[in-house]
Amino acid sequence: NLVGDHGIGCSSLASAVSHYINERRSTMLSIESIYFLRGHNQYSDILEKLRGQLENEGRTQCLPGGDDSLLVDGLVSALSGVKALVVLDDIRVEDNVLIEFSARLLEISNSIRLLISTSKEVNITSPYAERQVYKLGPLNVVPAITLFDKACPHADINAKDATLLEKISSSESLFKKIGGGVPADTLKAAKQFKKEEYENLFQAQSHTRD
């Protein structure tokens, strides 16, 4: 369970893990298939997407639609015994259907690996799975500045990185201006900064951070 606020990097980490495993599936005997499902849509759309993937792979015939419980039963049955990584990215903890689906998956099989990213910790237990929670927080000053410098088109890393670090390390307001350690906000700020705004960072007065 990857836990963190929006923009902190849970989705990026879930995607990176999936790509890492996918590139090594030929040597990872415990995982044969990966199902990456994003939670931005309604749970019904997510489950329908999984149903379509399973049907295309020939793992199941036409599953019942229109009834959540029957669809969940069919999906769980189709995945029983499959060596798979199921990723549910950016799932709302209030989404009882997907949480129940996740719990059912772990109950029926010890061959399923489940990765869920949420804003709050989800308590799903199973006799077949060890629950592990990884909480992601904001970046510290140095990695935040490094990310900002790499993404900002006006940055001159070699010439000014040390100066920028000194300025932002001693100024809470400047740190917030470049995203406050939230990776998504840092990337957004870096791309929106005008050249004059970037140069002004080096002219700003330093104030001790709290």
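**A conversation about the fold, sheet and pockets**

Student: Does F202 count as buried or exposed, and at what relative accessibility?

Tutor: F202 counts as buried, because its relative accessibility is 11% and the cut-off for buried is under 20%. Please keep in mind that this is a predicted model.

Student: Where does F202 lie?

Tutor: F202 is in the segment that follows α9, the helix of residues 195–201.

Student: And how far apart are F202 and L165 in space?

Tutor: Their C-alpha atoms are 9.9 Å apart, although 37 residues separate F202 and L165 in sequence.

Student: Let us step back to the whole chain. How many helices and strands are there?

Tutor: The chain has nine helices and five strands. Along the sequence, these elements follow the pattern β-α-β-α-α-β-α-β-β-α-α-α-α-α.

Student: What share of the chain is buried?

Tutor: Of the 210 residues, 40% are buried. As for contacts with a separation of 6 or more, 66% of them are between residues 24 or more positions apart.

Student: Now the strands. In what order do they form the sheet?

Tutor: The order is β2-β3-β4-β1-β5, in an open sheet with parallel pairing.

Student: Which ones are the edge strands?

Tutor: They are β2 (33–38) and β5 (134–135), and each of these pairs on one side only.

Student: How many bridges join β3 to β4?

Tutor: Five bridges join these two parallel strands. Within that pairing, L85 stands opposite R113 of β4.

Student: What about β1 and β4, how many bridges there?

Tutor: Two bridges join β1 to β4, again in parallel, and V3 stands opposite T118 of β4. On the β5 side, β1 (residues 2–3) is likewise joined by two bridges and runs parallel to β5. There, L2 has Y134 as its bridge partner.

Student: Is β4 mostly covered or mostly open?

Tutor: Strand β4 is mostly covered, with five of its seven residues buried. S117 is found in this strand, and S117 counts as buried because its relative accessible area is 2%, where buried means under 20%.

Student: Which residues is S117 in contact with?

Tutor: Apart from neighbours within four places in sequence, S117 is in contact with L2, C10, L88, D89, D90 and I91.

Student: D90 is on that list. Where is the place of D90?

Tutor: D90 is in the loop that runs between β3 (84–89) and α4 (96–108). D90 has a positive phi of about 60°, although it is not a glycine.

Student: Change of topic: where does α4 lie?

Tutor: Helix α4 lies across β3 and β4, and it runs at about 155° to β4.

Student: At what angle do α2 and α4 pack?

Tutor: Helix α2 (residues 43–56) packs against α4 at about 40°, and the two axes are 9 Å apart. From α2, the residues Y43, I46, L47 and L50 meet V97, L98 and F101 of α4. This contact consists of seven nonpolar residues, with no polar and no charged ones.

Student: Last topic, pockets. What volume has the largest pocket?

Tutor: Its volume is about 600 Å³. The lining has 24 residues, and N1, L114, L115, E130 and Q132 lie nearest the centre of the pocket. Strand β4 gives the largest share of that lining, with five residues. Helix α1 (10–22) and β4 (112–118) each contribute at least two residues.

Student: How do the residues of that lining divide?

Tutor: There are 16 nonpolar, five polar and three charged residues in the lining of the largest pocket.

Student: And the second largest pocket, what volume has it?

Tutor: Its volume is about 390 Å³. The second largest pocket is lined by 24 residues, and those nearest its centre are H6, G7, G9, C10 and S11. Two or more lining residues come from each of α1, β4 and α8 (183–192).

Student: How does that lining divide?

Tutor: The lining of the second largest pocket has eight nonpolar, ten polar and six charged residues.

Notes: Residues numbered from 1 in each chain as written. Predicted model: local features only at pLDDT ≥ 70, side-chain atom pairs only at ≥ 80, totals over all residues. Heavy atoms only, no water. 1 Å grid on protein atoms, 1.4 Å probe; cavity = no way out; pocket = protein on both sides within 12 Å on 5 of 7 lines; lining within 4 Å. Points joined across faces, edges and corners; volume = space filled by probe spheres on them. Helix = DSSP H or I, 4+ residues; strand = E, 2+ residues; numbered from the N terminus. Nonpolar A, V, L, I, M, F, W, Y, C, P; charged D, E, K, R; others polar. Pairing = 2+ DSSP bridges. Contact = heavy atoms within 4.5 Å. Axes fitted to C-alpha atoms, helices over the stretch in contact; angles between N-to-C directions. Buried < 20%, exposed > 50% of the residue type's maximum accessible area, 1.4 Å probe, protein only.
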